[in-house]
2 protein chains.
Amino acid sequence: MQKHCTGSGGEKMNYNPISPEILAQLQEIVDTKNVLVALTERERYRNDETPGGPAGLPEVVVKPENTAAVAAVLQLSNHHRIPVTVRGQGTGLSGNAVPIHGGIVMSLEKMNKILEIDTANLLAVVEPGVVLLDFRAAVEELGLFYPADPGERSSCIGGNIGTNAGGMNGVKYGKTRDYVTGLEVVLASGAILELGGKTVKRSSGYELMHLIIGSEGTLAIVTRAILKLSPLPRKTISLYIPFDDLFAAARTVAALKRARMPLTAMEIMEQDAILLAEARLEQKMPYNQAPAYLLLRLDGEQEEELLTLAQEVGEHCLANGALDIFVGDTRPAQQKLWDARACLFEALKAHGTMEAADVALPCSQVPEYMYRMKAIGRKYGMTITSFGHAGDGNIHTWPLQGEMPEKEWAQKIPLVMHELFVTTRSLGGALSAEHGIGFTKKAYLPLFLEPAQLTLMKQIKQLFDPCQILNPGKIFDPK
Amino acid sequence: MQKHCTGSGGEKMNYNPISPEILAQLQEIVDTKNVLVALTERERYRNDETPGGPAGLPEVVVKPENTAAVAAVLQLSNHHRIPVTVRGQGTGLSGNAVPIHGGIVMSLEKMNKILEIDTANLLAVVEPGVVLLDFRAAVEELGLFYPADPGERSSCIGGNIGTNAGGMNGVKYGKTRDYVTGLEVVLASGAILELGGKTVKRSSGYELMHLIIGSEGTLAIVTRAILKLSPLPRKTISLYIPFDDLFAAARTVAALKRARMPLTAMEIMEQDAILLAEARLEQKMPYNQAPAYLLLRLDGEQEEELLTLAQEVGEHCLANGALDIFVGDTRPAQQKLWDARACLFEALKAHGTMEAADVALPCSQVPEYMYRMKAIGRKYGMTITSFGHAGDGNIHTWPLQGEMPEKEWAQKIPLVMHELFVTTRSLGGALSAEHGIGFTKKAYLPLFLEPAQLTLMKQIKQLFDPCQILNPGKIFDPK
């Protein structure tokens, strides 16, 4: 057994198997009940939600209950050179939490406590396994608001931090990064670091915290987070707006941005997604006959002011080709609209094979991207549908297999993805907005980042994790 | 002459002098008119605004006019191992831009163009030498707003990015980091990197951009920045509120936060600062007889709504011990109040010798910090005055020499600073909120950061700048 890594990073990754002695040590560290070895149990940790994504069987799954246990597992794994893939709810869409090198899956599902809601500082201290939906509900009871709202609400905070998830409210409220003021993290060596804290402003050395956010479990494992909260807006109004073409809907988003309408959320959706959502939820949307839709939300304190704004927003939409404006101002009506939006991924996925892109664009380039994305679909005889956070330039794009024969699909899909990403790059975009690079996007990263930048990132990886045990093979391959 | 560095970082820093050949090359790269060699000219680049701060005479000052010139100067300097201290307007308060190892001062004063104001995406592309005041004025003409508003408005964007400056509007709008979406930077090697871009959301590899922000010119030199803009608020109201004790003022800030009053700015000031500001500006404040003051600002779209809010804020203040509420609702009245706030540092500095602390605290700890800070002053028989951005926990703290004999001052000031920082640390605070560590605070950084964290930072420095040419001796000493 090769017990020590050289740390040079140049060598091929040779990981060691988990011997009975190491297993016994793991059982001691996290308690036997928190170590899964049975095949049927381990199989539930093979993959994540990535359509057609990779799979990898962990040799063992551990569920630490505290930071000390996380640190001890990492120290042991680092010493024996065993890969450790950290996992939250497994809702990632780039194969982020898939143990492609086997080894240990470290599931943080038991580190799911909200440790503190600090109403004086409008901050919360949470463990990484806290489920977003539970967290949002807990702070709302105190009249507070945690804005990050990805479509996947069963995701957990640790995963949100790992991919800098944003979601629907990003237009007004930003993304996860904007809400983190402090992290406790464990390095591959087992060292525990406190990065940041309850200060909302800081200029005290390099911001390692911001380096960890979005690093997908490849630099360190987050064991606690301090998150900013906002006051819960008293009122919200939602608008559901059909358009008779997708580009008109996209141009309307750009027009609303130019007009500086203070929207909270600006989602775009195509008809096929809406129809699938209706089938999945067994309920009708206010309208489903148009090819494209915007779903908008305003929030604020005064109902009257919001209604005036909604009126103004509606007029912009009509002037840009909206067919109608459906206003949701009650809570149930709005819930129904946003539930439909939130289920789109599941609805599409249940319907058949597809691929996922999660591009970020300068907002003004969204209409052009939509044109080109549709043209790529036509070129390859493939349906590419889309929905996403148009207001912050994040378009989730889904090539669908539909009736296409498997062989043709397998041959065409790499070409389609490549063209989508080349298009994204040419419009000044980024490869991923909030899903991360994980496993499925890493081949495309060199399209977006010059070699010197990738080299620096790999050197940073090497610095944090010289034995390459943390989520290896994600974002990029070892140097 | 030692031409190459080993890059191990363990050795003593031996920098090389600038030979006539190197000087000739510099003159070729940036043009002779942009190279200063005369002593009288170089002396203007010896120090920055740090009270009692360090000085260091550059051997030469270069003023590149574009990124290619910055890259060529760095490549040359790296090859010959010559220190390069980047400088904007020299308004730093921690000795950040002082060339303590001599060598080259690279002044970016000529890279001061606003390259684009992109009204479709609410973004601006600027060179680092753009002066903040000019930038804010330029975007305001288009109805847009760049919120960062440090007291020092003659600072430049590059410096603001280097220290993650925030200023008055931070309570509502955040700090510089929150407004940067992209950076062009030059590494010590001369390599030019594009980090980020016009996408406001991103999860595509490690965020090197966030590592550079706040790194005080020690990792790379910023040559272009893409900055977010907000719509310019139509109306603002300012409130000037005297209190008969400092702690009541501080507690009022905490009460306003608890009550979730949506304030834009929440400044706290002591009477001595107000009196000095009056003298400096030769104008009276609405009131100057109380020992402590809050200066608050609200902004928004509707005057009526703001007046209602201002009323509510005023009631909270009176309930917490405010002596009176002076409302500024015209532009000139507000300008006068904020000019007084903005001149406080200059007014204090002109008055006599002082030391600067720029601590960041959890907001709820500001009153406790104020108590302890005053107690430290009493213990050492020293006046310590303060003003700052109480609403985001950033208190600028100024021990004043006053009539204290030089010898006593020199003996006591290190003890006072040490106690202030130990207090800050014990309250969960950070060493600097927005001035950065620079030269004058680096001795205190180990009080705040555990060794493993400092080691990682030094390793990152080593990775980016193996020959240690970029602003050496700032934030920490070479490994």
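Predicted model: local features only at pLDDT ≥ 70, side-chain atom pairs only at ≥ 80, totals over all residues.
Residues are numbered from 1 along each chain as its sequence is written, chains are lettered from A in the order in which they are written, and side-chain values use heavy atoms, without hydrogens and water.

**Exercise 1.** Find the strand order of the open sheet in chain A and its edge strands.

Solution. 
- Strands are DSSP runs of E with at least two residues, and helices are runs of H or I with at least four, numbered from the N terminus. Two strands pair if DSSP finds at least two bridges between them.
- The order of the four strands is β1-β2-β4-β3 (chain A), with mixed pairing.
- β1 (35–36) and β3 (84–87) of chain A pair on one side only, which makes them the edge strands.
- β3(A) pairs with β4 (residues 104–107) of chain A in the parallel sense, over four bridges.
- Within chain A, A:Val86 is opposite A:Met106 in β4(A).

**Exercise 2.** Describe the contact between chain A and chain B.

Solution. 
- Counting heavy atoms within 4.5 Å as contact, 74 residues of chain A touch 74 residues of chain B.
- Four salt bridges are counted between chain A and chain B; each is a side-chain nitrogen of Lys or Arg within 4 Å of a carboxyl oxygen of Asp or Glu.
- A salt bridge joins the side chains of B:Lys201 and A:Glu434 (3.2 Å, N to O).
- β9 (192–196), α7 (208–212), α8 (246–258) and α16 (451–464) of chain A each supply at least two residues of the side that touches chain B.
- α16(A) gives the most to that side, with nine residues.
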